[in-house]
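Visitor: I'd like to walk through this one and ask what the labels rest on. Can you take me through the cut-offs as we go?

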Amino acid sequence: MSRADQALETRQKLLDTALVLFSTQGYSKTSIRALARQVGLSDGILYHHFPQGKQQILEVLLTQGIQKALAQLNLFNQDLENSPLDKVLNTLCELCVQLFSQHKALLKVILRESENMQLSEIHVITQLFQTRQKWLTDLLAQRHAQGEIRKMDFTLAAQQFMAVNIQYGLTYLLDIHIGCDISDEAARKKLIEQTLLLWTT
């Protein structure tokens with residue numbers, strides 16, 4: 001293994017370990033020294049990879065997580081644009097469930113430590129949902145032009161549907177049971193049927 005590969009491996013190990021510690025102990029209670037010792041490195045090596053310390057590690061974790069989620073969502077865009085609207089909404093719900101399941105540790109850190117995050121980091125988090133909401137808004141306008149749904153405030157309609165997805169995510173992370181459980185196929189189907197009833201002419 002080359003020196004560059006070793007450096008990348010060490011950097012990723014630091015990120016993976018930090019995510020575990022941040023999600024279990026909390027960002028504020030995880031010290032640089034504890035993180036370095038957990039990986040078997042000196043503080044100096046950690047700062048070599050992340051000169052700004054914990055704040056930079058958290059920012060990288062957030063950026064990587066959001067970029068990965070966006071890439072996954074964007075894979076479906078072209079297929080969904082030509083799919084029946086019920087399939088579009090069902091896929092959006094399924095992707096939301098996957099997002100919160102696959103990134104549960106990172107999202108718990110975000111939920112717990114939001115007051116410690118800088119505005120740039122909050123922007124990275126909101127970018128995911130804003131991008132998806134804009135995509136859905138444009139899709140609804142297109143479907144109206146094709147005569148599939150009635151004229152309405154497409155931005156508000158997209159916001160309302162995305163709000164159900166976000167509510168599911170928060171209830172999943174907090175382990176509470178309110179609202180529509182979109183991970184349940186029957187509940188998800190009922191939600192989509194009701195939504196389309198409101199949208200169609």
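Visitor: How are helix 7 and helix 9 set to each other, roughly parallel or roughly perpendicular?

Guide: This is a predicted model, where local features need pLDDT of at least 70, side-chain atom pairs count only at pLDDT 80 or more, and totals for chains, interfaces and linings use all residues. Residues are numbered from 1 along each chain as its sequence is written, and side-chain values use heavy atoms, with hydrogens and water left out. Now to your pair: helix 7 (residues 104-113) and helix 9 (residues 154-174) pack at about 95 degrees, with their axes 10 Å apart. Axes are lines fitted to C-alpha atoms, for helices over the stretch in contact, and angles run from 0 to 180 degrees between N-to-C directions. Under 35 degrees counts as roughly parallel, over 145 as roughly antiparallel, 65 to 115 as roughly perpendicular and the rest as oblique. Helix 7 and helix 9 are therefore roughly perpendicular.

Visitor: Which residues make the contact between helix 7 and helix 9?

Guide: On helix 7 they are K104, L107, K108 and L111, and on helix 9 they are L170, Y172, L173 and L174. Contact here means heavy atoms within 4.5 Å. By type, the residues of that contact come to six nonpolar, no polar and two charged. Nonpolar covers Ala, Val, Leu, Ile, Met, Phe, Trp, Tyr, Cys and Pro, charged covers Asp, Glu, Lys and Arg, and the others, Gly among them, are polar.

Visitor: What makes up the secondary structure of the protein?

Guide: Ten helices and zero strands. Both are DSSP runs numbered from the N terminus: helices are H or I with at least four residues, strands are E with at least two. The C-alpha atoms fill a box of roughly 65 × 35 × 30 Å along the principal axes. Among contacts between residues at least 6 apart in sequence, 70% join residues at least 24 apart.

Visitor: How does the reach of helix 1 compare with what is expected at 1.5 Å a residue?

Guide: Helix 1 has 22 residues and reaches 32 Å from its first C-alpha to its last, close to the expected 32 Å. That expected span is 1.5 Å times one less than the number of residues. Just after helix 1, G26 takes a positive phi of about 100 degrees.

Visitor: Why is W135 called buried?

Guide: Buried means under 20% relative accessible area, exposed means over 50%, and partly exposed is in between, with a 1.4 Å probe and protein chains only. W135, in helix 8 (residues 119-145), has 11% relative accessibility, so W135 counts as buried. Leaving aside neighbours within four places in sequence, W135 touches N77, L80, E81, V88 and L92.

Visitor: And what makes H49 buried?

Guide: The relative accessible area of H49 is 14%, so H49 is buried. H49 sits in helix 3 (residues 43-49) and, not counting residues up to four places away in sequence, touches A7, T10, R11 and L14. L14 is itself among the buried residues of helix 1, whose cover includes helix 2 (32-39), helix 3, helix 4 (54-74) and helix 7.

Visitor: How does Q12 count, then: buried, partly exposed or exposed?

Guide: Q12, also in helix 1, comes in at 33%, so Q12 is partly exposed. Over the whole protein, 42% of the 201 residues count as buried.

Visitor: What stands out about the phi of D175?

Guide: Most residues other than glycine have a negative phi. D175 is not a glycine, yet has a positive phi of about 55 degrees. D175 lies in the loop between helix 9 and helix 10, and at 60% relative accessibility D175 counts as exposed.
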